[in-house]
Amino acid sequence: MSIKNSRIVCFLLGLLMAAVVAHAGGVDPKDMPSQEPVVREKVTATPEQTSTAVNKARRAVASAVEPMPVVKEVPMSTVRSKALPSASKDGWLLSSREGGCSPLSSIDRKVNVGSFETPQELAHKLKQRGHQAFVLDIGDVRDQVVRVKVPDLDLDLTFVKAGICR
């Protein structure tokens, strides 16, 4: 490109930029119609009426959850001796506070969920029944020590792989 052509291109670009700025558009705020201020409604409902309305809305949106009987925790030291010989090293066992282990079937005393083989399956079954269930991997090594919390049923269970159970 020659010098003459580049001067023409620069001149046209400058002219274009000036035209864009001059005709950029927009509306002068003085030319806009004035808006009427928004009138806020005064709240006339009592807290009890508000609470009733919120509860009705929640019932309309969420399905009813049938309460399930919860059995208090029972010491698992009597079951520990039966659990260890029958479990494979890759299977899951329920850990007790004393460090012992018991089979997964011992959960039937706390809540009836049927059979399951992993903590994740237990949480899934409880979620299907409308409960909140949280699965937390709490071990140093992944998938070795897992905690399942179900606040609705007041459950806090710790599962360990049979290979690391004492």
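Me: What lies between β4 and β5 in their hairpin, and which residue of the turn has a positive phi?

Reply: The hairpin has 4 residues between β4 and β5. Asp-154 in the turn has a positive phi of about 60°. The model is predicted, and this applies to everything below.

Me: Why are β4 and β5 called paired strands?

Reply: Pairing needs at least two bridges between the strands. Strand β4 (residues 145–150) is joined to β5 by 6 bridges, so the two count as paired. They run antiparallel. In this pairing, Val-150 stands opposite Leu-155 of β5.

Me: How do you know that β1 also pairs with β5?

Reply: The same cut-off of at least two bridges is used. Leu-93 has Val-160 as its bridge partner in β5.

Me: What makes β5 a mostly covered strand?

Reply: Buried means under 20% relative accessible area. In β5 (residues 155–161), 5 of the 7 residues are buried, and the strand is therefore described as mostly covered.

Me: Why is Lys-161 called buried?

Reply: Lys-161 is found in strand β5. Its relative accessible area is 15%, which falls under the 20% limit, so Lys-161 is buried. Leaving aside neighbours within four places in sequence, its contacts are Lys-89, Asp-90, Gly-91, Trp-92, Asp-143 and Gln-144.

Me: What makes Arg-147 and Asp-156 a salt bridge?

Reply: The test asks for a side-chain nitrogen of Lys or Arg within 4 Å of a carboxyl oxygen of Asp or Glu. For Arg-147 and Asp-156, the closest N and O atoms are 2.5 Å apart, so the pair qualifies. A search of the whole structure finds 1 salt bridge.

Me: Are these two residues buried, exposed or in between, and how do you know?

Reply: Partly exposed covers the range between buried, under 20%, and exposed, over 50%. Arg-147 has 27% relative accessibility, so Arg-147 is partly exposed. Asp-156, with a relative accessible area of 37%, is partly exposed as well.

Me: How do you know on which side of α4 its buried residues lie?

Reply: The buried residues of helix α4 (residues 119–128) are Pro-119, Leu-122, Ala-123 and Leu-126. Their arc around the axis is only 95°, and therefore they lie on the same side of α4. What they pack against is β1, β3 (134–137), β4 and β5. After α4 comes Gly-130, with a positive phi near 95°.

Me: What makes the span of α1 close to the expected one?

Reply: Helix α1 (residues 3–22) has 20 residues. The expected span is 1.5 Å times one less than the number of residues, which gives 28 Å here.

Me: Why is α1 called hardly covered?

Reply: A residue has to be under 20% relative accessible area to count as buried. Among the 20 residues of α1, the count of such residues is 0, so the helix is hardly covered.

Me: What does the chain look like as a whole, in its elements and its burial?

Reply: The chain has 4 helices and 5 strands. Their order from the N terminus is α-α-α-β-β-α-β-β-β. Of its 166 residues, 23% count as buried. The chain exposes about 13000 Å², with 57% of this supplied by carbon and sulfur atoms.

Key: Residues are numbered from 1 along each chain as its sequence is written. This is a predicted model: local features need pLDDT of at least 70, side-chain atom pairs count only at pLDDT 80 or more; totals for chains, interfaces and linings use all residues. Side-chain values use heavy atoms; hydrogens and water are left out. Buried means under 20% relative accessible area, exposed over 50%, partly exposed in between (1.4 Å probe, protein chains only). Accessible areas come from the Shrake-Rupley method with a 1.4 Å probe; for residues, only the protein chains shown count as cover. The arc is that of the directions from the helix axis to the C-beta atoms. Contact means heavy atoms within 4.5 Å.
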